[in-house]
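Here is a report on one protein model, written for a reader with a computational background. Please keep the coordinates open while reading.

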Amino acid sequence: MTVPHSFVQSPEFAAFAQCVRAARTCRRFREDVAVPLSTLHALVDTARVCPSGANRQPLRYAVCADGARNGAVFPHLRWAAYLKDWGGPVSGERPAAYIAVLCDRKGAPTPEIDLGIAAQTIQLGAQALGLGCCMIGAFDRDGVRAALGMDTPPHAELDLVLVLALGVPAETRVLDTVGADGDIRYHRDADGTHRVPKRPLESVLLPVHGGNAQDKG
């Protein structure tokens, strides 16, 4: 393999960086476009090989792409705390599939880190497939467990820690730069575009330099 003069100029990195920038949280979907179970299995298959603390691999996954079961899951989810006048996606804009992440915490040194790595991997995989993803941490755990049939042994021994909602996006999401007022709240503009402010590089990169100061690449 030829190593480029500047790693960040490689087409592979450019494609990856674009995928990360495009993988914004999606909260409105084309509910009528089904997501095959095989797609959910492929996303989980990718997440399962991610790094794991002490290689304990404490995460388990329950997938759902059935309309009736989706309907049973949806009422137990909480959406978009910053959007005070929006109660969540309406019928026709709801997720077409879900991946619930459960965790066996026994002997797992860093389950929260494992969860973050796996969830982001699934979201990036969904983006690469043209799907939107919303990581939902605010939900009625007992209600979701019951809807997915995860409320009886042996599954009842696992903690339900995250729900990933998936589907073909039905909204436009864009990145903005945090303004002088420091407001980091996402919002929707007049045409319904979902806008997500992010801090600029210079405000998050601390002034410690361990490389060649002349290297601008």
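## Strand β2 and its neighbours

Strand β1 (residues 59–64) runs antiparallel to β2, and 6 bridges join them. The bridge partner of A62 in β2 is A100. Strand β4 (residues 159–167) also runs antiparallel to β2, joined by 7 bridges. Here I99 has L164 of β4 as its bridge partner. Two strands count as paired if DSSP finds at least two bridges between them. Helices (H or I, at least four residues) and strands (E, at least two) are DSSP runs, numbered from the N terminus.

How many residues of strand β2 are buried? In β2 (residues 97–103), 7 of the 7 residues are buried, so the strand is largely enclosed by the rest of the structure. Buried means under 20% relative accessible area, exposed means over 50%, and partly exposed is in between (1.4 Å probe, protein chains only). In a regular strand the side chains alternate between the two faces of the sheet. A97, I99, V101 and C103 point one way from β2. Y98, A100 and L102 point the other way, and all are buried.

## Basis of the model

This is a predicted model: local features need pLDDT of at least 70, side-chain atom pairs count only at pLDDT 80 or more, and totals for chains, interfaces and linings use all residues. Residues are numbered from 1 along each chain as its sequence is written, and side-chain values use heavy atoms, with hydrogens and water left out.

## Overall layout

The protein holds 6 helices and 7 strands. Along the sequence they follow the pattern α-α-β-α-β-α-β-α-β-β-β-β-α. Of the 217 residues, 37% count as buried. Taken along the principal axes, the C-alpha atoms fill a box of roughly 60 × 50 × 35 Å.

P207 lies in the segment after α6 (201–204). P207 is exposed, at 82% relative accessible area. The C-alpha atoms of P207 and A156 are 48 Å apart, although 51 residues separate the two along the chain.

## The three-stranded sheet

In what order do the 3 strands of the open sheet lie? The order is β5-β7-β6, with mixed pairing. The edge strands are β5 (173–177) and β6 (187–188), each pairing on one side only.

β6 and strand β7 (residues 194–198) run antiparallel, joined by 2 bridges. R188 stands opposite H194 of β7.

## Start of α1

S10 is found in the segment before α1 (11–22). Its relative accessibility is 11%, so S10 counts as buried. A polar atom of the S10 side chain lies 3.1 Å from the backbone nitrogen of F13. A polar contact is a pair of N or O atoms within 3.5 Å; within protein, one must be able to donate a hydrogen and the other to accept it, and residues adjacent in sequence count only if both atoms are side-chain atoms.

## Rings and charges

The structure holds 2 aromatic pairs. In one of them, the ring centres of F74 and W79 are 6.0 Å apart and the planes are at 35°, so the pair is tilted. Rings of Phe, Tyr and Trp (its six-membered ring) pair if their centres lie within 6.5 Å; planes under 30 degrees apart count as stacked, over 60 as edge-to-face and the rest as tilted. Both F74 and W79 are buried.

Charged side chains also meet rings. R27 lies over the face of Y186, 4.4 Å from the ring centre. The charged end of R141 sits over the ring of F139, at 4.2 Å from its centre. The criterion is NZ of Lys or CZ of Arg within 6 Å of the ring centre and within 35 degrees of the ring normal.

## Cavity and pocket

There is 1 cavity of 30 Å³ or more. The largest cavity holds about 30 Å³ of space. Its lining includes A23, R24, Q123 and R173. α4 (111–128) and β3 (132–136) each supply at least two lining residues. The largest share, 3 residues, comes from α4.

The largest pocket holds about 490 Å³ of space. It is lined by 19 residues, of which R24, L175, V196, P197 and K198 lie nearest its centre. α1, α4 and β7 each supply at least two residues of this lining. The largest share, 4 residues, comes from β7.

On a 1 Å grid over the protein atoms alone, a cavity is a set of points where a 1.4 Å probe fits but cannot get out. A pocket is an open set with protein on both sides within 12 Å along at least five of seven lines, and lining residues have an atom within 4 Å of a point. Grid points are joined across faces, edges and corners, and a volume is the space filled by probe spheres set on the points.
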